[in-house]
Amino acid sequence: MAVGARSTASWLPPGITVLRGLRWVLHASFLLLLTIAAVQGVADDAPYRWVAAGGAALLAVVYATGGRAARRDARRWTQLLWLAVVTALWGGLLVASPHFSWVAFPLFFWHLHLLGGRHAVGAIAVITAAVVATQGLHSGGLDAAMVLGPALGAVSAVVISVGYSTLYRESQQRLRLIEELTRARDELSSSQHRAGVLAERERLAREIHDTLAQGLSSIVLLLRAAENELPAGRGRDHVRDARASAVTNLEEARRFVRDLTPPSLATQSLAEALRRLCQRVGRESGIDCQSRIDGPPTPLPAAVEVALLRSAQASLANVVAHARATTTVVTLGFLGNEVTLDIFDDGVGFDPAALDTYEGGTGFGLIALRDRITAFGGTVDVETSPGLGTAIAVRLPLSDEGEAT
């Protein structure tokens, strides 16, 4: 999901919140009116007061335990069975005591909610008639209040239910619209990101192919021709080494174009790739380059291995080009929650303040190295001083799963 987006699970339209509140109010009113009716029935010393009290307790248990059946996502037969049992128990209580007439009002809403349409209106008419009849039976006669009270309650329930249903439908439509808009925004953001990444990759691939790869290919051809023309000897060995280095870098450039891992990591571990890198640097430059491992090696994500190998290549390239060192040591460390790469040389060193005043000359390699490692949440520390050599410490934190954080 795009940054700043809020999921619909953590935010709901006001209408949905109101509907949920009304549902809880309906539950509470049903149980409250049922409790009041049972208490009044016992207090009136009616003939069947204890039977009514027991029936009210049974109805409360059935209502509470089967409340999930009243949800819209419950099975249809479960909803109807729960409603039928609740209505039947309430009808028995109504015969035992007229106080249970008040429970008819929340019962109206459940019929409207679960039945809907003509079936709900018919059920409400039957319930209203039952309330009027039982009140007349218990009081020995009917008056206008006994008829108008239940009738007005039924009409009010129907009107409120219509408003409830309208609000529910509008809230659902709004919720679906919000979900669709959120999905569309996330898809658009993802597609734009992918398009940007692909465009940048294509640009880099073209640049590498048209410049580095073509240049290295020409260098390989020229060195091959020179190697064939030179007599056997030390000079020819240097040309052969230079051609091998150009071939390796040409393969690197082509592999970049194909967006694959570096050839040095395709068939060997990072530790082995660093060892071979040190051997090549020592053979080509005459510097005593040593490779060491600190701690038991653990598998690393390909992107992390590439970043560490590139860091070592960039650092050793600086050593060869600028340090005038006789010895350099590359140490790969596996320290549990982080992986480290330390490159030390005994060369001439430099003023570390020069890194902060880079204006397009020396130092770009270290700046690019720092940018690469920072992208993985790591750090690069450079310790150096004129005449005292240089130490570069790369730190990459790892998660519990062994991935760069």
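Visitor: Is the crossing of H9 and H10 left-handed or right-handed?

Guide: Two packed helices are described by the angle between their axes and the distance between the axes. In this predicted model, the crossing of H9 and H10 is right-handed. Helix H9 covers residues 270-285, and its axis lies 11 Å from that of H10, at an angle of about 15 degrees.

Visitor: Which residues of H9 and H10 meet?

Guide: From H9 come Leu 270, Ala 273, Leu 274, Leu 277, Val 281 and Ser 285. On the H10 side they meet Glu 305, Leu 308, Leu 309, Ala 312, Gln 313, Leu 316 and Val 320.

Visitor: How do I read the pair H4 and H5, and at what angle do their axes cross?

Guide: The axes of H4 (residues 104-114) and H5 (residues 117-139) cross at roughly 165 degrees and come within 9 Å. Angles over 145 degrees count as roughly antiparallel, and that is therefore the term for H4 and H5. H4 passes H5 in a right-handed crossing. On H4 the contact is made by Ala 104, Leu 107, Phe 108, His 111 and Leu 112; on H5, by Ala 120, Ala 123, Ile 124, Ile 127, Thr 128 and Val 131.

Visitor: Now the strands. Do E1 and E2 run parallel or antiparallel?

Guide: For strands, look at the direction of the pair and its bridges. E1 (residues 288-294) and E2 run parallel and are joined by seven bridges. Ile 293 stands opposite Leu 332 in E2. Between E1 and E2 the chain passes through helix H10, residues 302-323, and this β-α-β crossover is left-handed.

Visitor: In which sense do E2 and E3 pair?

Guide: E2 pairs with E3 (residues 338-345) in the antiparallel sense, over seven bridges. Phe 344 in E3 is the bridge partner of Val 329. E2 and E3 form a hairpin with three residues between them, and Gly 336 in the turn has a positive phi of about 80 degrees.

Visitor: Why is E2 described as largely enclosed?

Guide: Burial is read residue by residue. In E2 (residues 327-334), six of the eight residues are buried, so the strand is largely enclosed by the rest of the structure.

Visitor: What percentage of the protein chain is buried?

Guide: Of the 405 residues, 34% are buried. The protein chain has eleven helices and five strands.

Notes
Residues numbered from 1 in each chain as written. Predicted model: local features only at pLDDT ≥ 70, side-chain atom pairs only at ≥ 80, totals over all residues. Heavy atoms only, no water. Buried < 20%, exposed > 50% of the residue type's maximum accessible area, 1.4 Å probe, protein only. Helix = DSSP H or I, 4+ residues; strand = E, 2+ residues; numbered from the N terminus. Pairing = 2+ DSSP bridges. Right-handed = clockwise from strand over helix to strand, strands pointing away. Axes fitted to C-alpha atoms, helices over the stretch in contact; angles between N-to-C directions. Parallel < 35°, antiparallel > 145°, perpendicular 65-115°, else oblique. Left-handed = near helix turned anticlockwise from the far one by under 90°. Contact = heavy atoms within 4.5 Å.
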